[in-house]
Amino acid sequence: MTTWSLQTAPELSDLQFEQWNKLLEARTGIQVAPHQRSFLQIQLSRRMRELGIKHYAQYYGQVSSGVQGMVEWSVLVDRLVVKETSFFRHRDSIEFVRRFLQNRINNQSLSDSFEVWSLGCATGEEPYSLAMVINDCFELAGLDPYHGITATDISQPALQSAREGIYGKRKLEPIATDEQARYFKPCDGERESYQIVDKLRDRVCFSHGNVLSVAEMPMVKMDIIFCQNVLIYFRRWRRREILNELATRLKPGGILMIGLGEMVDWTHPNLQRVADERVQAYVYV
Ligand SMILES: C[S@@+](CC[C@H](N)C(=O)[O-])C[C@H]1O[C@@H](n2cnc3c(N)ncnc32)[C@H](O)[C@@H]1O
């Protein structure tokens, strides 16, 4: 006799694939390409198995209705998003932020605060990389103005892990040894695990946020908005809408930084592309 746990995943029909894809895109902006259909099927059926649900239609009904549905949705969405990230993932972009801040310090053009926003921050490597270079700049200059990083993501488990800021030794490889020593401490009792030091963790505020709802997010104006490897999963018109909204969240002179090549033909009346081909950055003029 076969039990549910031993059965193979039921096939997603064309109609079901379309239905789930539509729901995912409406709620997150992410599109699952036809060649990733088996990924969607595996993740759905794995979760259904955990819940003892046998039919996609029944599970669809569960995630699309009521408060319980929203709770289940937040579990599922974490399984469907790509959370791949690393420290200093696109080093040129992070180093651009270092130069930008150093220039402001040298020109004495800092405003009262220095505010940074990392959207789609995953498990925290991106905002912590930014926190390291910002701390380097202020420490070197002997300054300590108000500064902070807001880091948002749609995945609650990713945010939880980001708040803890604990990483295995291999994750630290892109970080220079002296920076590892300054910004990480070994975890008690856990071999080969390191935690971001408190003074950096205290600078980063992680919170749940969907990039589709940027317009409703009550944010202060930003000096730097960093949004990399998130919009690539979205349709072009949606990327454009989100970028237009992000542009309104910049301080004059602030920078919007996206992944190189993530949006090729986008322009905005208040933004000017920075003349540095190593990065895709726009300054609010
Ligand atoms: C590939 S990771 C990129 C992480 C980091 N920005 C980097 O470049 O290394 C994409 C992240 O975007 C998040 N994400 C996807 N759709 C989102 C949405 N609609 N709102 C907020 N975050 C989203 C995912 O949860 C994931 O953590």
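A residue is near a molecule or strand if one of its heavy atoms lies within 4 Å of it. Around the ligand there are 21 such residues, and T28, T85, G120, D153 and N229 come nearest. The model is predicted: local features need pLDDT of at least 70, side-chain atom pairs count only at pLDDT 80 or more, and totals for chains, interfaces and linings use all residues. Residues are numbered from 1 along each chain as its sequence is written, and side-chain values use heavy atoms, with hydrogens and water left out.

A polar backbone atom of T28 is 2.8 Å from a nitrogen atom of the ligand. For G120, a backbone N or O atom lies 2.8 Å from a ligand nitrogen atom. N210 uses a polar side-chain atom, which lies 2.8 Å from a nitrogen atom of the ligand.

The domain assignment, which is automatic or from a database, gives domain 1 (4–80) and domain 2 (91–284). Nine residues of domain 1 and 10 residues of domain 2 take part in the contact (heavy atoms within 4.5 Å). The centres of the two domains, taken over C-alpha atoms, are 31 Å apart.

The size of an interface is often given as the accessible area lost when the parts come together. Here buried area is the accessible area (1.4 Å probe) that two parts lose on being put together, summed over both. Between domain 1 and domain 2 about 860 Å² is buried, and carbon and sulfur atoms give 49% of it. In domain 1, E25, Q31 and D78 lose the most area to domain 2, together 43% of what that side buries.

A salt bridge is a side-chain nitrogen of Lys or Arg within 4 Å of a carboxyl oxygen of Asp or Glu. Two salt bridges cross the interface of domain 1 and domain 2. E25 forms a salt bridge with R235, with the closest N and O atoms 2.6 Å apart.

The whole structure holds 27 salt bridges. One of them joins D223 and R104, whose closest N and O atoms are 2.9 Å apart. D223 lies in strand 7 (residues 222–227) and R104 in helix 5 (residues 91–106), so the pair ties together parts 119 residues apart in sequence. Helices (H or I, at least four residues) and strands (E, at least two) are DSSP runs, numbered from the N terminus.

Conventions
Polar contact = N/O pair within 3.5 Å; in protein donor to acceptor, adjacent residues only side chain to side chain.
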